[in-house]
Amino acid sequence: MNPRIVYLLGLTLTWLAPTLYAAEPVMFDKTKTYCFGRYLVDIPVEAELKGQGNTYQGARIASEKMGTAALQARIDQKIKDLKARTYAASYYQFNKEIKLEKNGTILLGYDDPFNTPMYSIDTFKWDWGWAFTTSKGAYDDQQIDSLVSRFSTYLRSLRYRDQRDIPTEPGICIKNGFIANDGKTPQAENASLAFQLKKNPDVWIRIESNVLFRSQPSL
């Protein structure tokens with residue numbers, strides 16, 4: 001496991017620098033460990049988590065507390081939008097629905113503007129009361145089979161994770177989720193956290209990790 005990292009990025013300050021310097025040792029006396037992306041980071045307990053973002057293969061991963069019926073209704077609506085080629089489906093046409101084990105679903109949309117075939121990919125996964133979704137286009141038709149394979153692996157490896165849990169196996173921490181992954185396959189990953197100091201609300205801490213590919217596991 002890599003050493004813990006602490007990045008203080010994008011600080012917005014409204015007091016004089018000497019005041020901040022004097023407070024730093026006290027601020028870091030008590031910290032809390034967060035898992036984001038493939039890393040662990042220690043943040044002052046005074047900092048309150050305000051936002052968390054993750055992307056996989058360029059698609060933003062959304063995490064929502066939701067029942068299976070509500071998620072299925074969302075899938076059905078997306079299929080309806082694709083078949084009708086509505087604005088909500090970015091005018092892609094329904095191409096295929098792929099059902100995976102462990103409550104995973106992939107929807108493919110297709111378009112051919114200016115004789116340039118392209119696809120959209122929507123993914124859905126439910127686990128322990130949480131729904132994880134992605135939605136993105138346009139993907140090159142020459143890479144669609146490889147991308148479907150990657151998203152299938154992603155869905156099979158994705159599971160619910162309590163925000164306080166620190167996994168011991170290699171993988172990627174996302175909001176209320178974890179993607180088991182050894183990091184050996186090249187892939188685009190992004191993770192970010194945003195915090196606000198409770199006693200000093202004008203101070204924000206932002207942490208971001210961008211990984212185009214990895215050759216070794218880190219977590």
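**View A. Salt bridge between R74 and E64.** The side chains of R74 and E64 form a salt bridge, 2.7 Å from N to O (a salt bridge being a side-chain nitrogen of Lys or Arg within 4 Å of a carboxyl oxygen of Asp or Glu). Because R74 belongs to helix 2 (residues 68–84) and E64 to strand 5 (residues 62–65), the pair ties together parts 10 residues apart in sequence. Helices (H or I, at least four residues) and strands (E, at least two) are DSSP runs numbered from the N terminus. R74 is partly exposed at 33% relative accessibility, and E64 is partly exposed at 30%. Buried stands for under 20% relative accessible area, exposed for over 50%, and partly exposed for values in between (1.4 Å probe, protein chains only).

The model is predicted: local features need pLDDT of at least 70, side-chain atom pairs count only at pLDDT 80 or more, and totals for chains, interfaces and linings use all residues. Residues are numbered from 1 along each chain as its sequence is written, and side-chain values use heavy atoms, with hydrogens and water left out.

**View B. Salt bridge between K78 and D122.** The side chains of K78 and D122 meet at 3.6 Å, N to O, in a salt bridge. K78 lies in helix 2 and D122 in strand 8 (residues 118–127), so this pair ties together parts 44 residues apart in sequence. K78 is buried, with a relative accessible area of 13%; D122 is buried, at 4%.

**View C. Salt bridge between R38 and E189.** A salt bridge of 2.9 Å, N to O, joins the side chains of R38 and E189. The pair links distant parts of the chain, 151 residues apart: R38 is in the loop between strand 1 (31–36) and strand 2 (39–44), and E189 is in strand 13 (residues 189–197). Both residues are buried. The structure holds 10 salt bridges.

View D. A pocket is an open set of points on a 1 Å grid over the protein atoms alone, where a 1.4 Å probe fits, with protein on both sides within 12 Å along at least five of seven lines; lining residues have an atom within 4 Å of a point. Among the lining residues are R74, K78 and D122. Helix 2, strand 8 and strand 9 (130–140) each supply at least two lining residues.
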